Amino acid sequence: MNRLGLTAWLCMAGLLPAPAYATPEKVIRTVDLAAPFEARSPWQLTVRQGGEEEDPSGEMAPGPITACISRDRGRSCHPATSSALRLPAGDDAFSVPHYLQRADVVRPGSEHPLLLVQFASFHAGNNDQRIGLQLYAYDRVKDDFALVFARRTGRNNNQELRYVEAGPLRGAVIAAEPTGDAPYGYWITVDRPSPQGPYRQVLRFRSATTYGDGNPLAVIDAEMPNIHNRLGLWRAGQPLPLPASGCPQPRLVKMALWCR
């Protein structure tokens with residue numbers, strides 16, 4: 001019996017642990033980028049996911065995700081996709097994507113589209129999760145994609161990153177993140193695309209919404225009249241900007257939207 005056969009026999013006999021084999025990655029999403037961006041090369045986004053892994057709380061979770069923006073069938077990939085969940089201080093257990101929340105071509109205006117990708121990490125023991133949103137624009141002169149917006153947040157304290165699909169704020173990204181001091185509310189920021197391409201912050205304020213105030217609306221929905229008012233897009237007496245899901249009997253309470 002050769003060495004390989006002996007190893008196999010010992011494994012079957014329970015005298016050696018069975019070798020672990022990595023589960024092959026599978027493609028979970030592809031997005032053609034050549035047509036919507038009228039690109040000079042056959043650009044494509046390919047998202048792959050490996051086999052299940054144990055998360056920090058000891059539970060089995062979906063495997064690691066890799067996203068590749070490539071014009072050569074994946075032989076080379078845009079480097080920015082790997083940084084979606086990484087912190088400036090370095091990698092940790094939540095720096096690798098394990099959930100793909102979105103990967104789509106979006107149109108912030110009538111002309112140039114953007115590629116939007118949004119990932120999420122493992123769940124922490126307290127069910128928190130790191131979420132990262134990125135937007136990419138196509139540079140026709142360079143025949144390349146450029147990262148024009150990136151932001152990370154959590155989710156345990158009603159945080160949210162929202163790309164606005166329609167209306168006066170179409171193309172903007174709104175973020176709601178907890179304040180670190182009382183009265184505990186949220187920092188609301190709005191980023192919009194600049195003429196040069198990259199997004200820039202156009203608004204930041206402390207919310208009228210407070211943590212645990214009983215308002216069932218998402219923080220961003222509750223703050224939408226406040227956002228529109230501060231950007232000169234709404235004023236008292238005009239119809240309120242309401243969430244797409246509807247809002248029976250809308251009313252303002254200290255500039256925060258409430259329904260019923």
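Modeller: The largest nonpolar core has 20 residues, and L33, L45, I69, L115 and F145 touch the most other members. A nonpolar core here is a set of buried Ala, Val, Leu, Ile, Met, Phe, Trp, Tyr and Cys residues joined through side-chain atoms within 4.5 Å. Buried means under 20% relative accessible area, exposed over 50%, and partly exposed in between (1.4 Å probe, protein chains only). Four strands, β2 (44-49), β5 (65-70), β7 (114-123) and β8, each supply at least two residues of this core. Strands (E, at least two residues) and helices (H or I, at least four) are DSSP runs, numbered from the N terminus.

The model is predicted: local features need pLDDT of at least 70, side-chain atom pairs count only at pLDDT 80 or more, and totals for chains, interfaces and linings use all residues. Residues are numbered from 1 along each chain as its sequence is written, and side-chain values use heavy atoms, with hydrogens and water left out.

Now take L45. Leaving aside residues up to four places away in sequence, L45 touches R29, T30, V31, L33, A67, C68, I69, A103, L115 and V117. Contact means heavy atoms within 4.5 Å. Among these partners, L33, I69 and L115 are also listed with L45 as touching the most other core members. In soluble globular proteins, nonpolar side chains tend to be buried together.

Another core lies apart from the largest one. This other core has 14 residues, among them A176, V190, L203 and F205.

A disulfide is a pair of cysteine sulfur atoms within 2.5 Å, and the structure holds 2. One joins C68 to C77, S to S 2.0 Å. The link is left-handed, with -90 degrees about the S-S bond.

C247 is buried at 10%, and C259 counts as buried at 19%. Counting bonded cysteines along the chain, the pattern is 1-2, 3-4.

Next, the open space. The largest pocket has a volume of about 560 Å³. A pocket is an open set of points on a 1 Å grid over the protein atoms alone, where a 1.4 Å probe fits, with protein on both sides within 12 Å along at least five of seven lines; lining residues have an atom within 4 Å of a point. Volume is the space filled by probe spheres set on the points, which are joined across faces, edges and corners. The largest pocket is lined by 23 residues, and H112, P113, L114, A137 and Y138 are the closest to its centre. β8 gives the most to this lining, with 3 residues. By class, the lining has 13 nonpolar, 6 polar and 4 charged residues. Ala, Val, Leu, Ile, Met, Phe, Trp, Tyr, Cys and Pro count as nonpolar, Asp, Glu, Lys and Arg as charged, and the others, Gly among them, as polar.
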